[in-house]
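Subject: Structure for you to look at

Hello,

Here is the structure I said I would pass on. My notes on what was found in it follow below.

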Amino acid sequence: MEKIKVLIVDDSALMRKLIMEILQKDEEIEVVATAMNGAFALTKLKTHKPDIITLDIEMPQMNGLEFLEEKRKIQDTTPVIVFSSLTSEGSSTTIRALELGANDYLLKPDLKESLDLSIIEEEMIQKIKSWGLKKIKKEKGLKEINLTPKIEVVPTFKIFEANRRDLISNPDNIKFIAIGISTGGPEALRQILPKFKTKIPIIIVQHMPEGFTKDFAESLNRITKQNGYFTKEIEDNDIVKENYIYIAPGNHHISLHKNFNNFIIKVNQDPPVKNHRPSVDYFFSSLYNNIDTNCFICVIMTGMGKDGAFYIKKLHDRGVFTIAQDEESSIVFGMPKTAIELKGIDKILPLNEIPEFINKIKKEN
């Protein structure tokens, strides 16, 4: 069985040891090298050819951001997961790292209080395996891999209800697009949002901590405004407008309400739903309970767990047109897989075909 090869980059010998101890628990992962800064990492990148890199930001001689810049210059495509601190500085540097080509991030626990990394162990292993496996698949083809078995994708469902056909054939009736997304989301959104060529508002719940979503929205805005969309972190009582992309604020739920001809987004701190705040199910439940017409498209994308699957099924059964990202393009095929298994999806699409599908609806009508 071929293992996923990991390069750990951190200036702390203790942190390198702690990360290695966690990863060695999984039989499908092998730590092939460690490095104390970006300069050493570039050398070991060439000699060890890892499938995935874990990267600290603050390091001497060459820090994480400088490493990403050099990595981009040599056109290396090895996925990178950045370790970030839960601070405003940690937020801005993490978002900058994503702009420079990092694929995902992990939040370091407060090591001043404890050296226990076990609280992020499951997430760390899941992300490393998901991104590493994606690189192996791309380079060697599925037939040569003997890691986690491939999940069978359910064939695309037909659009069978009249109200679904009416919505797709009358795109002016589509008032907004609702998206729920988690693990792998930052990169996926950076890929697809600039490809939307409509004016339809887009409302997104992305699992992210408080503080990160503001920087993330500003980062997205720099690339979406070139295509006529303005991206912002949601504020309480935002009125949904054309040409806007709305990102749910970290550590807050969002719900949608209709007031005459306007859609209003409310923000609150109700208890987490299955450990998530913001929660996709919380947002989708507000669509189910508050929006009585099928005037939107609901999308569930890459993510660990099941958040959003239950209520996208309920919306689908009510007649709302629903889309799921396919397994091949998902970093973690958890949320969309569950929605598909519940038979709550009308269309299963690869990542890049999601905006193409919606653009085509508008173009053909």
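Axes here are lines fitted to C-alpha atoms, for helices over the stretch in contact, and angles run from 0 to 180 degrees between N-to-C directions. Helices (H or I, at least four residues) and strands (E, at least two) are DSSP runs, numbered from the N terminus. The model is a predicted one, in which local features need pLDDT of at least 70 and side-chain atom pairs count only at pLDDT 80 or more, while totals for chains, interfaces and linings use all residues. Residues are numbered from 1 along each chain as its sequence is written, and side-chain values use heavy atoms, with hydrogens and water left out.

Overall

The protein has 12 helices and 15 strands. Of its 365 residues, 55% are buried. Buried means under 20% relative accessible area, exposed means over 50%, and partly exposed is in between (1.4 Å probe, protein chains only). Contact means heavy atoms within 4.5 Å. If we take the contacts between residues at least 6 apart in sequence, 72% of them join residues at least 24 apart.

Helix pairs

Two packed helices are described by the angle between their axes and the distance between the axes.

Helix α2 (residues 38-48) packs with helix α3 (residues 64-73) at an angle of about 35°, and their axes are 9 Å apart. Their crossing is right-handed; a crossing is left-handed if the near helix is turned anticlockwise from the far one by less than a right angle, and right-handed if clockwise. On the α2 side the contact is made by Gly38, Ala41, Leu42 and Leu45, and on the α3 side by Phe67, Glu70 and Lys71. These residues divide into 4 nonpolar, 1 polar and 2 charged. In this division Ala, Val, Leu, Ile, Met, Phe, Trp, Tyr, Cys and Pro count as nonpolar, Asp, Glu, Lys and Arg as charged, and the others, Gly among them, as polar.

Helix α7 (residues 185-192) and helix α8 (residues 212-224) have axes that come within 10 Å and cross at roughly 25°. The two helices are therefore roughly parallel to each other. Angles under 35 degrees count as roughly parallel, over 145 as roughly antiparallel, 65 to 115 as roughly perpendicular and the rest as oblique. The crossing of α7 and α8 is right-handed. Pro186, Leu189 and Arg190 of α7 meet Phe216, Ser219, Leu220 and Ile223 of α8, a set of 5 nonpolar, 1 polar and 1 charged. In α7, 6 of the 8 residues are buried, so this helix is largely enclosed by the rest of the structure. Those buried are Gly185, Pro186, Glu187, Ala188, Leu189 and Ile192.

In helix α1 (residues 13-23), the buried residues are Met15, Arg16, Leu18, Ile19, Ile22 and Leu23. Seen down the helix axis they fall within an arc of 165°, so they line one face of α1; the arc is that of the directions from the helix axis to the C-beta atoms. They pack against β1 (4-9), β2 (29-35), β4 (80-84) and α5 (121-140). The axes of α1 and α5 are 10 Å apart, at an angle of about 75°, which makes the two helices roughly perpendicular. Ile19, Ile22 and Leu23 of α1 meet Glu121, Met124, Ile125 and Ile128 of α5, and these contact residues divide into 6 nonpolar, no polar and 1 charged.

Two buried residues

Isoleucine 234 is in the loop between β8 (230-233) and β9 (238-239), and counts as buried at 3% relative accessibility. Leaving aside neighbours within four places in sequence, its contacts include Ile203, Tyr246 and Ile254.

Phenylalanine 284 is in helix α9 (residues 280-290) and counts as buried at 0% relative accessibility. Its C-alpha atom is 6.7 Å from that of glycine 308, 24 residues apart along the chain.

Backbone points

Most residues other than glycine have a negative phi, and most peptide bonds are trans. Arginine 277 and proline 278 are joined by a cis peptide bond, with omega about 10°. Glutamine 75, in the loop between α3 and β4, has a positive phi of about 60° and is exposed at 69% relative accessibility. Lysine 343 also has a positive phi, near 60°, and is exposed, with a relative accessible area of 53%.

Regards
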